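My entries follow in the order I made them.

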Amino acid sequence: MHTTCGNRAVPPRKVRRPKYIRSLDEIPQIPAAERERLRPVTEKFVLRANDYYLNLIDWNDPADPIRRLIIPTEDELSDWGQLDPSNEERVTVAPGVQHKYPHTVLLLCNEVCGAYCRYCFRKRLFMDDNHEVSIDVGPGLDYIAQHPEVTNVLLTGGDPLLMSTRRLRDIISRLREIPHVRIIRLGSKMPAFDPFRILDDPELLATLSEFSTARARIYLMAHFDHPRELTEEAVAGIDACIRHGVMCVNQCPLIRGINDDPDALATMFRELSFIGCPQYYVFQCRPTAGNETYSVPIVEGWEIFREALRKGSGLACRARFVMSHALGKAEVLAVLGDRIYIRFHRARDAAVRGEVLAFERNNDARWLDDLRPIPDLVSDRLPAEVLEALES
Ligand code: SF4
């Protein structure tokens, strides 16, 4: 049906909806024999993709980074890691509610993403017997209302932009009724996986505009892993968010075969600074089950990260390289000689926050637990149990 504008007929806006797939059989570019070999992998860790994102793959390049991000590999079956290596269960205070750092609460309000990153640290949420996500955010909102120290709420999961706009609006408007919640963060990879979710939904943009106010902003915590994801559509999606009052930043893990390359990382940091979505964190890959093939040792990752930071303007190199460890966000400050210096950028325990520790250099270490602290270089302010956890 056409509407009219003066005497001129205006064609209806064409809503673009990528076609979502859940089976390798729907990806003819993968040879049948390979699909067969990968079947046990997708039975263990599910597949989800869409035609927009698959179209970014250069199928002639077996090492294509976008392919690596979305297409399974048999290496995921190696016996390594845990389903919840950062022990998020320990900071779960109500169904779907995590409270680890004083000012920030996570609401896990959706258990689906636009596609599934193969290295996902929360892949347990996509498994049938997982109940960590709560569709009912009521208990979470009650908890937040009772904790005046909570100024930031992160909607995550899963991807909050996969929820209907009506549901998202309901959650955001109820959060805005809690005066101490100033920042609402949306943790989303939809600008990369399906930017049309933003571009083709005026009601979503109106909601963002209404509830991102001068003194209480909405932040989009975008998740681009590689500069090739910054397509015209993706950049337009970020632009639409900015023009509707949303602050945008990017965070991503450092992943073998995707962005373990200083040039790719530097290009992404630079482009992100140009479009108004600067890099915030680069995460060390969590030792999550299935992730051995995606993990880069800490020292190597730090060197890649440091090299990438050398190639941009100040606004393109504000990121921190961190491990989201059960003890807190451990920022890798430097690798010098036989030592690795780490600072707890965030921590549950106030006595740990901001502390700098020195560890023996270990080029094979992939997680804080693989490092040994140097006793003389550990602050005596650290609680005994934290020291014990670091030394065990
Ligand atoms: S977007 Fe985030 S939560 Fe979703 S699959 Fe990727 S890493 Fe996991």
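Entry 1, domains. I began with the two C-alpha centres: those of domain 1 and domain 2 lie 23 Å apart. The assignment gives domain 1 as 20-75 and domain 2 as 76-297; such bounds come from an automatic or database domain assignment. This is a predicted model, in which local features need pLDDT of at least 70 and side-chain atom pairs count only at pLDDT 80 or more, while totals for chains, interfaces and linings use all residues. I number residues from 1 along each chain as its sequence is written.

Entry 2, domain contacts. I found 22 residues of domain 1 in contact with 23 residues of domain 2, where contact puts the C-beta atoms, placed from the backbone, within 7 Å. On the side of domain 1 that touches domain 2, α1, β4 (49-50), α2 (51-54) and α3 (65-70) each supply at least two residues. Helices (H or I, at least four residues) and strands (E, at least two) are DSSP runs, numbered from the N terminus. The largest share, 5 residues, comes from α3. By class, I noted 15 nonpolar, 2 polar and 5 charged residues on this side. Ala, Val, Leu, Ile, Met, Phe, Trp, Tyr, Cys and Pro count as nonpolar, Asp, Glu, Lys and Arg as charged, and the others, Gly among them, as polar.

I checked the span of α1 (residues 32-44): at 1.5 Å a residue, its 13 residues should span 18 Å, and the end C-alpha atoms are 19 Å apart, which agrees. The expected span is 1.5 Å times one less than the number of residues. I also noted that α1 bends by about 40° at leucine 38, with proline 40 following within four residues. The bend is the angle between axes fitted to the seven residues ending there and the seven starting there.

Which residues are around the ligand? I listed Cys113, Tyr116, Cys117, Cys120, Arg122, Asp159, Lys189 and His223, each with its C-beta atom, placed from the backbone, within 6 Å. This shell has 4 nonpolar, 1 polar and 3 charged residues.

I found a cis peptide bond joining glycine 157 and glycine 158, with omega about 15°. Glycine 158 is in the loop between β8 (152-157) and α5 (165-176). Asparagine 87, not a glycine, has a positive phi of about 50°; I placed asparagine 87 in the loop between α3 and β5 (92-94).
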